[in-house]
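Please read it alongside the sequence and the structure.

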Amino acid sequence: MNYSLWFQLIAPELILSVSSLALLLFVAFGGERVTKLVSILSVTALVASSAVALDFLTGDGFSEGADAFYGQYRMDRFGSLMKLLIYGAAIVTLIVSPRWMEARKAMRGEYPLLVVFAAIGMGMMVSSVDLLTVYIGLELNSLAAYVLASIARQDERSSEAGLKYFVLGALASGILLFGMSLLYGFTGTTSFIGIQQAMSDGISNGALFGLVFVLAGLAFKISAVPFHMWTPDVYEGAPTPVTTFFASAPKVAAIALTMRMLAEAFGGMGEVWQQIIIFVALGSIVLGAAGAIGQANIKRLLAYSSINNVGFILIGLATATEAGASGAIVYLLIYVAMTLGSFLCVLELQDKEGRAVELLPNIAGLSKTRPGLAAALAMFMFSLAGIPPLYGFYGKFLVFDAAVQADLLPLAALGIAASVIGAFYYLKVIKVMYFDEPADVVATDRIAPERMIIITLLAAFISPLGYLLSGVIGYYADDAARALFWAL
């Protein structure tokens with residue numbers, strides 16, 4: 001038992017755990033007057049954890065990965081890369097939140113701490129190689145998320161969003177736990193590698209039912225069809241900074257957990273779960289595209305966009321190959337940048353009294369009143385639609401190419417056809433901003449400098465300039481994919 005190595009491996013979670021507990025006491029004694037300082041210190045803790053994760057990702061000492069706590073936790077290139085994405089999204093959320101939340105009297109010291117607690121749970125999720133660790137990490141993330149959704153207590157929509165998320169989340173957790181109990185009952189172990197070895201001669205009917213229930217619970221967490229029903233309501237009702245967080249970091253953690261579980265626990269039996277993933281992927285792509293067409297609220301539209309993009313990511317996972325996993329990882333990274341940029345643009349949509357502007361008719365003619373903001377939002381919409389030469393096209397190309405290489409040509413063809421349908425509602429947003437008469441609802445003098453800096457950087461990343469980073473991103477994505485399939 002090498003405790004020093006174990007604590008070294010869990011350093012990102014350890015930094016966040018110690019920091020959050022100390023800051024929790026600080027908030028308890030300091031009250032509302034220390035809220036700003038707590039936000040700054042929370043960002044500092046996340047930056048420190050990101051630095052450790054980056055060292056694990058780029059250093060040679062852990063290139064092969066290492067296990068801790070008797071094989072319940074694994075630090076490898078895949079987990080490190082996913083943690084960088086999660087912590088990055090959390091940092092952006094905490095930077096852009098205070099101004100928006102303070103204007104609505106919803107900012108309090110617990111808010112940044114809840115984001116940090118959620119980040120701890122998500123970090124555990126992406127490094128878990130045991131069902132017990134998976135559930136602990138997932139619930140730590142979920143419990144913080146339920147409170148975040150309803151943190152604006154004076155807003156009825158926020159309270160409703162939190163209640164819906166809690167009730168449906170509890171149901172999904174029960175389904176997931178039942179599936180885990182079936183897997184344990186029919187394999188005799190909770191370890192991913194142990195499950196794979198126990199089913200090396202074939203999967204029993206009981207274990208197959210367990211796999212289906214586990215995938216159903218995970219489908220809820222990634223808001224994939226047919227367990228997507230909570231997403232539009234929660235995204236619309238939660239405060240926009242919280243929605244920004246939900247659409248990025250937890251999505252990364254849940255997709256990463258799904259990828260690791262399927263690749264390691266069920267890696268040798270792709271034919272068993274491949275059909276399920278293909279169905280979920282196609283259902284998410286089609287419903288996400290069709291459901292967004294009639295939406296007038298831009299947050300609900302982006303919720304359906306999130307469902308749609310999850311389907312494209314799952315196409316890479318459905319190949320059950322390293323190339324498909326690498327393509328899904330690259331797509332996930334680009335998706336986080338596009339989603340954060342889109343929601344940051346939405347944060348800038350406020351009227352002269354500082355109230356949020358969320359309805360599409362109210363942003364009509366935005367290109368004439370806020371040309372810079374309209375141009376950035378148009379770039380993110382075009383990129384989400386996968387229109388070249390923007391970087392969103394590259395992510396879709398990689399997953400479709402992996403599907404073709406894996407002899408899943410019909411899946412790739414259907415995905416491409418559905419992406420054309422999805423382009424309609426993205427273009428609708430651009431048409432409203434550039435071709436409709438100005439509604440003069442969005443204020444022209446409300447500019448948050450920190451948001452505009454981040455929007456500019458994200459817009460540059462998803463522009464053709466992003467292709468300059470393709471080599472570096474592809475290298476680490478390939479490394480992360482190899483780490484997933486190490487046991488095969």
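Which side chains meet in a salt bridge at 2.9 Å, N to O?

1. The side chains are those of E236 and R300; a salt bridge here is a side-chain nitrogen of Lys or Arg within 4 Å of a carboxyl oxygen of Asp or Glu. E236 lies in helix α10 (residues 231–237) and R300 in helix α14 (residues 298–318), so the pair ties together parts 64 residues apart in sequence. Helices are DSSP runs of H or I of at least four residues, and strands are runs of E of at least two, numbered from the N terminus.

2. This is a predicted model, in which local features need pLDDT of at least 70 and side-chain atom pairs count only at pLDDT 80 or more, while totals for chains, interfaces and linings use all residues. Residues are numbered from 1 along each chain as its sequence is written, and side-chain values use heavy atoms, without hydrogens and water.

3. R300 counts as buried, at 18% relative accessibility (buried is under 20% relative accessible area, exposed over 50%, partly exposed in between; 1.4 Å probe, protein chains only). Both E236 and R300 belong to a salt-bridge network that also includes R157, E160, K164, D233, K299 and E358.

4. The structure holds 19 salt bridges. In one of them, K83 pairs with E13, with the closest N and O atoms 2.8 Å apart. K83 in helix α4 (residues 77–103) and E13 in helix α2 are 70 residues apart, and both residues are buried.

5. E450 forms a salt bridge with R99, at 3.0 Å between the closest N and O atoms. R99 is partly exposed, with a relative accessible area of 44%.
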